[in-house]
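Welcome! Let's take a friendly walk through a protein model, beginning with the whole chain and then visiting two of its residues.

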Amino acid sequence: MSQLKVNSIVPVGGVASGQGGGVIQTVQSQTTTTASNTTITMADTNLSASITPTSTSNKILVYITQSFQIKQTTAVGGGFQLLRGSTVIHKGAPTTTDGSNNVSVQLYFANFAANANFYAYHNMHFLDSPSTTSATTYKTQLAIAIAGSGREIIAQPTGTDSNGISTITLMEVSA
C-alpha cells in the first residue's frame, strides 16, 4: 500500500486565501532607451511594466534597478519616484520648489560635488496595494534636485562606464 505525505499543497493560483505571501505571477521589463532631465520637474525614465492582478486583495511587490548618470558643472543631487498609472506611490526624489529654484528633497539618492560625471544604479523596492483586477502600469520618473545650467540626470546612460540597462520586476503576492 502506497502513502503520500506532504506538509502542504499550494493551489495553482498561489497560497490559499488567508495564508498570504505566495507569488501568483511575475512580470519583468527592461529598457536601454536613454531618458534625461535637466529640470526639477519629474520626467519619465522609459522604464515601465504592466501587470493584471487576479484579486483586488492581492498586493504587487515592485523591484527596480535603475541605471543613471549625473553630469554637472556645479553641485547637485537628484532622485527618482515610482508611479502606479499617474499616481505617485513612492516619493524618493525632489517634489516641490521653495522659491529659490531648489526643491524640497524627501529622499534623494545622492548629492555630488561640482564637475561630477558619475554612473551608478538606484534600487527601489515597494509593496503596493492597487485594489484592482485591471491592467496596472508601474513606471519611474527622475529629476535633479537644484535647478540651474550644467546639471543633468540621465536614465539608461550609454558609454563605457555603464551598460545602460534598467529593470523593473512586478510580483503579484496573495493577500
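## The overall layout

Strands, marked E, are DSSP runs of at least two residues, numbered from the N terminus. With that in mind, the elements of this protein read β-β-β-β-β-β-β-β-β-β-β-β-β from the N terminus on. In other words, there are 13 strands and zero helices. Please remember that you are looking at a predicted model.

Of the 175 residues, 40% count as buried. The protein exposes about 9,100 Å², and carbon and sulfur atoms supply 49% of that area. Among contacts with a separation of 6 or more, 82% are between residues 24 or more positions apart.

## Thr 45, inside a strand

Is Thr 45 buried or exposed? This residue sits in strand E3, which covers residues 43-51. Thr 45 counts as buried because its relative accessibility is 0%, and the cut-off for buried is under 20%.

Beyond residues up to four places away in sequence, Thr 45 touches several partners, including Thr 33, Phe 80, Leu 142 and Ala 155. Ala 35 is another partner; the C-alpha atoms of Thr 45 and Ala 35 are separated by 5.3 Å, with the two residues 10 apart along the chain. The side chain of Thr 45 also makes a polar contact of 2.5 Å with the side chain of Thr 140.

## Thr 132, in a loop

Now for a threonine in a loop: Thr 132 lies between strand E10 (117-128) and strand E11 (136-144). A polar atom of the Thr 132 side chain is 3.0 Å from the backbone nitrogen of Ser 134.

Which residues does Thr 132 contact, leaving aside neighbours within four places in sequence? They are Pro 53, Ser 55 and Thr 56.

Conventions: Residues numbered from 1 in each chain as written. Predicted model: local features only at pLDDT ≥ 70, side-chain atom pairs only at ≥ 80, totals over all residues. Heavy atoms only, no water. Helix = DSSP H or I, 4+ residues; strand = E, 2+ residues; numbered from the N terminus. Buried < 20%, exposed > 50% of the residue type's maximum accessible area, 1.4 Å probe, protein only. Contact = heavy atoms within 4.5 Å. Areas by Shrake-Rupley, 256 points an atom, 1.4 Å probe, with all protein chains shown as cover. Polar contact = N/O pair within 3.5 Å; in protein donor to acceptor, adjacent residues only side chain to side chain.
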